[in-house]
Amino acid sequence: MSGGHGIGIETTPPRGHIPVVVLKSALSYDAPIANRVADEVADDVELQAALDSVAAQQGGVVQVTDGNGLLNQPVTVADGCTLRGVGPGMAGTKRGTYLRHTWNDNTIDALSITGDFAAIESLGVTIGANASRAGISVVDGVNNFILRNVDVHGNYATANIYVIGGIGGLIENAEAIGGQYGLRLAVGATQHPNANVIVNPWLADNAVAGLRIESNGPTDTQGGNLVLGGVYQGTLQPIGIHVIGADHVTIVHPWMECSTATPIQLQIENCDMITVVGGMWPINSSTNIKVINSTNVTLLGVQMPAGTAVQVNV
């Protein structure tokens, strides 16, 4: 175990034949993170070493206790590995596991899932005043991933949470404040977003859209993404949910509260087989649902307040 500050490593016996490494933090929650006393091993180095050690055993869990950590370089989570904190935390405000990156490069992600059946759970990432492509990403070609109880805050990311071509993923209770997109499911070079389930995200004050799901157009046979609940809000957010070029997407009971001058709560563009069920729709929105060049769009139990618009194939 390293010194009394930063993140330390303590190995524990395997639980049910699953390797477990516990990283123990000893940080002050009252002092600014930049003023803390670092130990002899950088936090990102310790995190990556622990993840590599369980990856070498065909997967396992790296459990990070509460504390604040600095990332001077990206950290990756490989096949069958889980990086798990004790809950998202923000420095000086509440206890939890909180990581902050230090570089200024919008082509680099702070934390990335790079292998199948991998997970990042119960921690927070801040992008601060420095640029990064994403706080948390899932790289192209990954299947069956989990992002659960994660918070990503910052105004300088391409997407706070960025899933590139992910298939069969679960994204549950994710919070993303700021950035161009809160959560973006993007087309990858090898595969398209498919069969992902998004449960109760909170996406707010994103410059372009809270949630974006994209593919290669209505003739693309891949699709089947499901969005359950969630809050999409903010005075800086022109579009709450943007589904573009995708098919077989179902959105159930979203809570829409985008409040820019001319907000679009949900935009469906170049899509096929999109279903929207219920939801809470604001009374002060210029356009609650906008459908552009799309077919087989079904609205079930969607009740709009008087005076709000649904624009179809404009």
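Biologist: Which residues is Ser 112 in contact with, leaving aside its neighbours within four places in sequence?
Modeller: In this predicted model, Ser 112 is in contact with Val 75, Thr 76, Val 77, Ser 137 and Val 139, once its neighbours within four places in sequence are left aside, where contact means heavy atoms within 4.5 Å.

Biologist: What does the side chain of Ser 112 make with the side chain of Ser 137?
Modeller: The two side chains make a polar contact at 2.7 Å, a term for a pair of N or O atoms within 3.5 Å, of which, within protein, one must be able to donate a hydrogen and the other to accept it, while residues adjacent in sequence count only if both atoms are side-chain atoms.

Biologist: Is Ser 112 buried or exposed?
Modeller: Ser 112 counts as buried because its relative accessibility is 7%, and buried means under 20% relative accessible area, exposed over 50% and partly exposed in between, with a 1.4 Å probe and protein chains only. Ser 112 is found in strand 8, residues 105-113, and strands here are DSSP runs of E with at least two residues, whereas helices are runs of H or I with at least four, both numbered from the N terminus.

Biologist: How should I read the numbering and the values?
Modeller: Residues are numbered from 1 along each chain as its sequence is written, and side-chain values use heavy atoms, with hydrogens and water left out. Because the model is predicted, local features need pLDDT of at least 70 and side-chain atom pairs count only at pLDDT 80 or more, although totals for chains, interfaces and linings use all residues.

Biologist: Changing topic, how many residues has the largest nonpolar core?
Modeller: That core has 58 residues, and Leu 111 and Leu 147 have the most contacts inside it; a nonpolar core is a set of buried Ala, Val, Leu, Ile, Met, Phe, Trp, Tyr and Cys residues joined through side-chain atoms within 4.5 Å. Helix 1, residues 43-55, gives the most to this core, with four residues.

Biologist: Where is Asp 205, and what is its phi?
Modeller: Asp 205 is in the loop between strand 17 (202-204) and strand 18 (209-214), and has a positive phi of about 55 degrees although it is not a glycine. Most residues other than glycine have a negative phi.
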